[in-house]
Structure formats: C-alpha cells, structure tokens
Amino acid sequence: MIVALLILHGLLAVALLGAITHQALSVLTIAPAANGRWTFVNRFRGVDATAYVTPIVVLFAITAIGGALLYPQYRIDVRPALEDTQNAAANGVFEIKEHLVAIGLGLLPVYWLFWRKPHGPETAAARRYLTWLLAFFVWWSFIVGHVLNNIRGVLP
Amino acid sequence: MKDSRLTIFSIMFGVLYLVAFYYDLALFRYYPEVRQFHWLRNDGLGVVILWYGWIATATLASAAIAFAVPRNMAERLWPGWAWIIPTAAVVGMLIYERRWFVS
C-alpha cells in the first residue's frame, strides 16, 4: 500500500512539475524575438498560463496530502537511519522540503486569486513572483524527494 | 472569505507557520509508532510528528487575522506584499536551517 502511494505521489509530482514549469517560463518578461526561430524553449513558454492555474492548485494540494500520508513511514524508517549514519544534510534538505510545502499550501489561495481575476498590470508582478516561488518549492521538493527515495543507491 | 481576506491569509500563513515551528506551537502532535494524536507532549510514545500541528496552528491563526483585519484596510493592501513577505519567510527559514549543513 505504501509503495503504491509513493508511486502515485511521484506521478502527481511529475505532472505538477510540468505544469508549474510551463507557467513559470511563460511569465518570463523576456519575450522571444519576433522574427526568431520557434525553438523548443519558445514552444514550451508559449502556453496559456491561466489554463494551468486550477490544475496547479489541485495537484499541489493533492501531492502535499499524499506526502503527508507518506510522512509517518519516513519518520519511523528513513529519518532514524539517516541519523544513525550521521547524514544531517539529508535530514536538513528534507526538513526544508516540508517547510516549503507548508508555506506553498498557504500561498495557494492568493496565487489562485491573482490568476483567476483580471486584476490588470498592478498584480502582474505579484502573479509572476508567486508563480516562481511555487515553482522553486515544487522543484526543490521533487529533487529532494527523489534523492532521498534513492539515497541508498546514491550514497557510497 | 472575500478576496482581500484570502490575500491576508496567504501573507500571514508563511510567517505564522515559521513562528509555530520556531516556538514549537504545534496545535497537536502525531505519534506514528502508536498511531495516536495528542494535544500535549507524550515522551513515551516514540517519535513525534509536529508538522501537521504547525500547519494547523498557522491555518487557524492566519484565518483569525484575515477575519480580524478591517475590510477597508485589507482592500488597500499593496499586492506586492503577497510575494515579498512569504519570500522573506522562506529566506529566514533557509538561514535558520543552515544548522543542518554546518558541523
């Protein structure tokens, strides 16, 4: 059961990572050159950012809940093993992950609000920076989650 | 909850989460080895998870502040605070969590 939940959590995280990365790149202020080639990056950025808002909110919340359900197993099995092997940095990056996810959950209402309503240019910067902040949280959590899940193979 | 109240909730959440974390103000504690929730500390029940309790504390406190702030004041809030204050909270957290990486 716990393995199935872990795999589901990972798959939802992949979907969230893709959605937030599309949106984060789409709100870059640097516009692609008008006569420039239609590169992969331009295609990746050239999306309707508003279409990603609800999926990102839902995926972030569900993935966080999945992580919360997995957390007891981590606390019982993994963390003591890391402590026994004096691996403080691994515990540290995970602790940062849990803080970022919690702060991200709190940001979801204002993120959703600023994207949902056409507030105009006065909220454009806030929208962009909130998106980048959430993107940082998701990338950190994704990388740390995967490294810790595979840490026995990663470390010598 | 009106729009301005949602903004205040989000602005306050990160700060109050860090306060709950730093001062150990978890609303409740979960002991995974015995699968029990407790309001108070119980040292004999094995490892403890405080994270759920910190989130609950921050949620309740942020919601209380969001409803307590007068509406006209909430509506005059500059939108930039919505990302600046959470970013400052993240930076503060990262500075505090350096403790894991220095010997």
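B:Arg35 sits in the loop that links strand 1 to strand 2 (36-38) of chain B, where helices (H or I, at least four residues) and strands (E, at least two) are DSSP runs numbered from the N terminus. Its phi is near 55°, a positive value in a residue other than glycine. Most residues other than glycine have a negative phi. B:Arg35 is also exposed, with 9 other C-beta atoms within 10 Å. The cut-offs here: a residue is buried if 20 or more other C-beta atoms lie within 10 Å of its own, exposed if 12 or fewer, and partly exposed in between, with C-beta atoms placed from the backbone.

Before going further, a word on what you're looking at: this is a predicted model, in which local features need pLDDT of at least 70, side-chain atom pairs count only at pLDDT 80 or more, and totals for chains, interfaces and linings use all residues. Residues are numbered from 1 along each chain as its sequence is written, while chains are lettered from A and ligands numbered from 1 in the order in which they are written. For chain B the mean pLDDT is 94, and 97% of its residues reach 70 or more; pLDDT is the predictor's confidence in each residue, from 0 to 100. For the complex, the predictor gives an ipTM of 0.94 and a pTM of 0.92.

Chain A has a loop residue of its own to look at. A:Gln86 lies between helix 3 and helix 4 of chain A, and its phi is positive, about 60°, although it is not a glycine. A:Gln86 counts as exposed because it has 9 C-beta neighbours inside 10 Å.

Now step back to chain A as a whole. It has six helices and zero strands, so to speak α-α-α-α-α-α from the N terminus on. Its C-alpha atoms fill a box of roughly 55 × 35 × 30 Å, taken along the principal axes. Buried residues make up 31% of the 156 residues in chain A. Of the contacts in chain A between residues at least 6 apart in sequence, 78% join residues at least 24 apart; two residues are in contact if their C-beta atoms, placed from the backbone, lie within 7 Å. A:Asn42 is partly exposed, with 14 other C-beta atoms within 10 Å.

Next, the interface. On chain A, 29 residues are in contact with 32 residues of chain B. Helix 3 (53-84), helix 4 (88-116) and helix 5 (124-149) of chain A each supply at least two residues of the side that touches chain B. The largest share, 17 residues, comes from helix 4 of chain A. By type, this side of chain A divides into 20 nonpolar, five polar and four charged residues. Here Ala, Val, Leu, Ile, Met, Phe, Trp, Tyr, Cys and Pro count as nonpolar, Asp, Glu, Lys and Arg as charged, and the others, Gly among them, as polar.

The largest nonpolar core has 56 residues, and those with the most contacts inside it are A:Leu130, A:Leu134, B:Tyr17 and B:Trp54. Such a core is a set of buried Ala, Val, Leu, Ile, Met, Phe, Trp, Tyr and Cys residues joined through C-beta atoms within 7 Å. Helix 1 (2-26), helix 3, helix 4 and helix 5 of chain A, along with helix 1 (3-22), helix 2 (51-68) and helix 4 (81-96) of chain B, each supply at least two residues of this core. Helix 4 of chain A gives the most, with 13 residues. In helix 2 of chain B, the buried residues include B:Trp54, B:Ala58 and B:Ala61. What covers the buried residues of this helix includes helix 3 and helix 4 of chain A together with helix 1 and strand 1 (29-31) of chain B. In helix 4 of chain B, B:Ala82, B:Trp83, B:Pro86, B:Ala89, B:Val90 and B:Met93 are buried. Seen down the helix axis, they fall within an arc of 130°, so they line one face of helix 4 of chain B; the arc is that of the directions from the axis to the C-beta atoms. On the other side, B:Val91 and B:Ile95 are exposed.
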